[in-house]
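Let's take a walk through a protein model together, starting with the big picture and then zooming in on a few side chains. Keep the 3D view open and turn it as you read.

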Amino acid sequence: MERSSTTPGGSARREATRQKLYEAAVTLIAEQGFSATTVDEIAERAGVAKGTVYYNFASKSVLFEELLRHGVGLLTASLREAAERTEREGGSKVDALDAMIRAGLVFIDRYPAFTQLYVAELWRTNRAWQSTLMVVRQQAVAVVEGVLREGVAAGEFSEEIDVPLTAAALVGMVLVAALDWKSFQPERSLDDVHAALSRLLQGRVSGRG
């Protein structure tokens with residue numbers, strides 16, 4: 001999973017190593033689960049020494065917690081950029097939400113293993129990193145909430161909508177639809193899936209408009 005920016009010198013080399021560890025960990029944990037995945041396996045998959053893992057992360061749990069922060073951070077940045085780009089282009093708030101749906105699908109298409117892992121962890125409540133997971137989840141949902149609140153203020157959306165729940169529903173819709181796409185309908189294109197979700201967003205599924 002790529003970092004959104006780079007740093008010079010030794011920091012850049014260390015960041016490159018951490019990227020390799022993220023990639024190795026997310027793939028292995030998605031394949032066989034957190035408990036069954038060992039630090040030795042992560043190091044081998046990343047092509048580094050076991051000591052390198054502990055140099056960068058205090059433990060396997062810390063590595064996984066940082067992986068969640070990193071991955072959801074990338075998703076959040078993608079959603080925010082989609083909304084800001086739409087605003088620069090003069091689009092409506094509905095356009096911004098539609099652009100964010102597409103950005104979410106692009107992210108999931110690029111990082112399917114991380115998405116599978118993230119959704120699975122949302123259902124678990126006994127993990128050491130549960131509080132971190134809730135924080136990063138809220139960061140992603142908050143971007144959508146912001147667009148909804150702006151739309152309500154501008155009169156584009158009804159004042160009666162429940163903003164937090166609607167934002168969570170939109171994010172959840174993208175995650176679940178994308179996982180179904182990847183698992184059961186892989187022959188469909190990203191454009192096809194986006195079009196279907198866009199119709200739901202714009203209320204064009206009843207055949208009345």
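What you're looking at is a predicted model, so local features need pLDDT of at least 70 and side-chain atom pairs count only at pLDDT 80 or more, while totals for chains, interfaces and linings use all residues. Residues are numbered from 1 along each chain as its sequence is written, and side-chain values use heavy atoms, with hydrogens and water left out.

Now for the overall layout. The chain has nine helices and zero strands. Here helices (H or I, at least four residues) and strands (E, at least two) are DSSP runs, numbered from the N terminus. Along the principal axes, the C-alpha atoms fill a box of roughly 60 × 40 × 30 Å. Of the chain's 209 residues, 40% count as buried.

How is the chain divided? There's domain 1 (1–58) and domain 2 (67–201), with bounds that come from an automatic or database domain assignment. Their C-alpha centres lie 26 Å apart. Where the two domains touch, 11 residues from domain 1 and 13 residues from domain 2 take part in the contact. Contact, by the way, means heavy atoms within 4.5 Å. If you take contacts in the chain between residues at least 6 apart in sequence, 65% of them join residues at least 24 apart.

Let's pick out Arg-18, in helix α1 (residues 9–32). Is Arg-18 buried or exposed? With a relative accessible area of 14%, Arg-18 is buried. Setting aside neighbours within four places in sequence, Arg-18 is in contact with Asn-56, Phe-57 and Glu-66.

Side chains of opposite charge can pair when their charged atoms come close. A salt bridge is a side-chain nitrogen of Lys or Arg within 4 Å of a carboxyl oxygen of Asp or Glu, and the structure holds 11 of them. One is between the side chains of Lys-50 and Asp-40, at 3.5 Å from N to O. Lys-50 sits in helix α3 (residues 50–56) and Asp-40 in helix α2 (residues 39–46), so this pair ties together parts that are 10 residues apart in sequence. Both ends are partly exposed: Lys-50 has 38% relative accessibility, and Asp-40 has a relative accessible area of 43%.

Next, find Arg-69, which has two partners to look at. Glu-65 forms a salt bridge with Arg-69, with the closest N and O atoms 3.9 Å apart. These two are four residues apart in helix α4, a separation of about one helical turn. Arg-69 also meets Glu-66 in a salt bridge, at 3.7 Å from N to O. Arg-69 and Glu-66 are three residues apart in helix α4, again about one turn of the helix. Through shared partners, salt bridges join Glu-65, Glu-66 and Arg-69 into one network. As for accessibility, Glu-65 is partly exposed at 21%, Glu-66 is partly exposed at 25%, and Arg-69 is partly exposed at 38%.

Now head inside to the cavity. A cavity is a set of points, on a 1 Å grid over the protein atoms alone, where a 1.4 Å probe fits but cannot get out, and its lining residues have an atom within 4 Å of a point. How many cavities of 30 Å³ or more does the structure hold? There's one, and about 150 Å³ of space lies in the largest cavity. Grid points are joined across faces, edges and corners, and a volume is the space filled by probe spheres set on the points. Helices α4 (60–88), α5 (93–110) and α8 (163–184) each supply at least two lining residues, and α5 gives the most, with five. The lining includes Leu-75, Met-100, Gly-104, Ile-108 and Leu-175.Finish at Thr-115, in helix α6 (residues 112–122). Thr-115 counts as buried, at 2% relative accessibility. Leaving aside neighbours within four places in sequence, Thr-115 is in contact with Phe-107, Ile-108, Leu-175 and Leu-179.

Notes:
1 Å grid on protein atoms, 1.4 Å probe; cavity = no way out; pocket = protein on both sides within 12 Å on 5 of 7 lines; lining within 4 Å. Buried < 20%, exposed > 50% of the residue type's maximum accessible area, 1.4 Å probe, protein only.
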